[in-house]
Amino acid sequence: MIRLRHIQYFVTAAEQGSFRKAATLLNIQESAVSRRIRDLEDRLGASLFHRHPGGVSLTVAGQRFLRRVRIALHQIEVGINDVAAIGRSEDGIIKVGIFSSLASGFLFDLMKAFDAKHPRVMVELIEGNPSLHVAAIRQLQLDVAFITGTTEWPDCETEQLWSERVFAVLPTEHRLATQQALNWDDLAGENFIVSDAAPGPEIYDYLIQRLAGLGHHPNIHPHHVGRDVLLSMAAIGRGLTLTSEATTGAQIPGIVYRPIMGEVLPFSAIWSRRNDNPACRRFLSLARTMARTERAAVRQVAAAMSPHASLSQSPDLSP
């Protein structure tokens, strides 16, 4: 069998013009170089070197073989470097399923930060509903998906990373547009519009659950349009809709966003434990770090606003 190191012995001897010099460079015995090159010649059925007292020189067969193996060694080196770069997450591709807007918020910040750290890794985004994303995760067609809720999915790893407030989308002239925040009683009796595409079906179920609990049967009209068109429809008074906080970064003429008090959507990362994509591991690691930092910042703000914190930070005025 011709081994890679035998090829390396041959190339080094050809470049040095001497088995002795090649052995010194390779830090092995000269006899080992001579023996392995002889084995290589026997395997090929042709002499590769003219041997003389001053060293060695290539035969015609040796010259042709050298040209070929240099190309092969270069390709092997390129392959090694490519794989090593993927292992270091310098190159590669990540397929990410999304369910939330990238207009602003955690997901926007995550994508921007990852791109800054790993500019040569391509991130491919795929929109879809949670069940489709989870099926693709199990089949390793997606590396990771970000979906709403904290449901545990069989054969998948799940980790909650961030939360977003829920907003009602109203036309600017709507009677509720002057309020800074809304509750579900304010929205009872309103007409709603949702998209047939994700996350429209989830918004539909969300509205049914919240308003039916108040004794109202909501009037919801599905439309076969995307999110941007749906927001434009809300602007011209075709109905109200709901969206998550990240989407409020998209400024659409004619609409206002108003938070619904007490409504918060958790968002989780879903991935397969069988996924061995190094770039995906780096991506998840960065997501966890950013989530911890964001939670710590929220706790600090909450502590600073606490009445007990204010009292504890007041100067001691006792004599």
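**Sheet, rings and cores**

Analyst: Strands β6 (residues 157-171) and β10 (residues 255-271) pair antiparallel over 13 bridges. Two strands pair if DSSP finds at least two bridges between them. Helices (H or I, at least four residues) and strands (E, at least two) are DSSP runs, numbered from the N terminus.

User: What stands opposite P171 in β10?

Analyst: I255 does.

User: Before we go on, where do the numbers come from?

Analyst: The model is predicted: local features need pLDDT of at least 70, side-chain atom pairs count only at pLDDT 80 or more, and totals for chains, interfaces and linings use all residues. Residues are numbered from 1 along each chain as its sequence is written, and side-chain values use heavy atoms, with hydrogens and water left out.

User: OK. In what order do the strands of the open sheet run?

Analyst: The order is β4-β3-β5-β10-β6-β9, 6 strands with mixed pairing. β4 (121-127) and β9 (241-244) are the edges; each has a single partner strand, so one side of each lacks a neighbour in the sheet. The twist averages 25° from one strand to the next.

User: Switching to rings. How many aromatic pairs are there?

Analyst: The structure holds 9. Rings of Phe, Tyr and Trp (its six-membered ring) pair if their centres lie within 6.5 Å; planes under 30 degrees apart count as stacked, over 60 as edge-to-face and the rest as tilted. F10 and F65 form a tilted pair, 5.2 Å centre to centre with 50° between the planes. That pair links distant parts of the chain: F10 is in helix α1 (residues 4-16) and F65 in helix α4 (residues 60-87), 55 residues apart.

User: Are F10 and F65 buried or exposed?

Analyst: Both are buried. Buried means under 20% relative accessible area, exposed over 50%, partly exposed in between (1.4 Å probe, protein chains only).

User: Give me another pair.

Analyst: F146 and W162 are also tilted, at 5.8 Å centre to centre and 55° between the planes. F146 lies in strand β5 (residues 144-148) and W162 in strand β6, 16 residues apart. F146 counts as buried because its relative accessibility is 1%. W162 counts as buried at 3%.

User: Which residues form one aromatic cluster with them?

Analyst: The cluster is F106, F114, F146, W162, F267 and F283.

User: Now the core. Which residues touch the most other members of the largest one?

Analyst: L110, V144, F146, L187, L207, L242 and F283, out of 44 residues. A nonpolar core is a set of buried Ala, Val, Leu, Ile, Met, Phe, Trp, Tyr and Cys residues joined through side-chain atoms within 4.5 Å. Helix α10 (residues 278-305) gives the most to this core, with 8 residues.

User: What is L110 in contact with?

Analyst: F146, F283, L286, A287 and M290, leaving aside neighbours within four places in sequence. Contact means heavy atoms within 4.5 Å.

User: And helix α9? Which residues are buried there?

Analyst: In α9 (residues 227-235), L230, L231, M233, A234 and A235 are buried. Their cover includes β6, β7 (191-195), β8 (219-223), β9 and β10. Just after α9, G237 takes a positive phi of about 85°.

User: Last one. Where is N277?

Analyst: N277 is in the loop between β10 and α10. N277 counts as buried, at 13% relative accessibility. Leaving aside neighbours within four places in sequence, N277 is in contact with I93, I94 and D143.

Conventions:
Axes fitted to C-alpha atoms, helices over the stretch in contact; angles between N-to-C directions.
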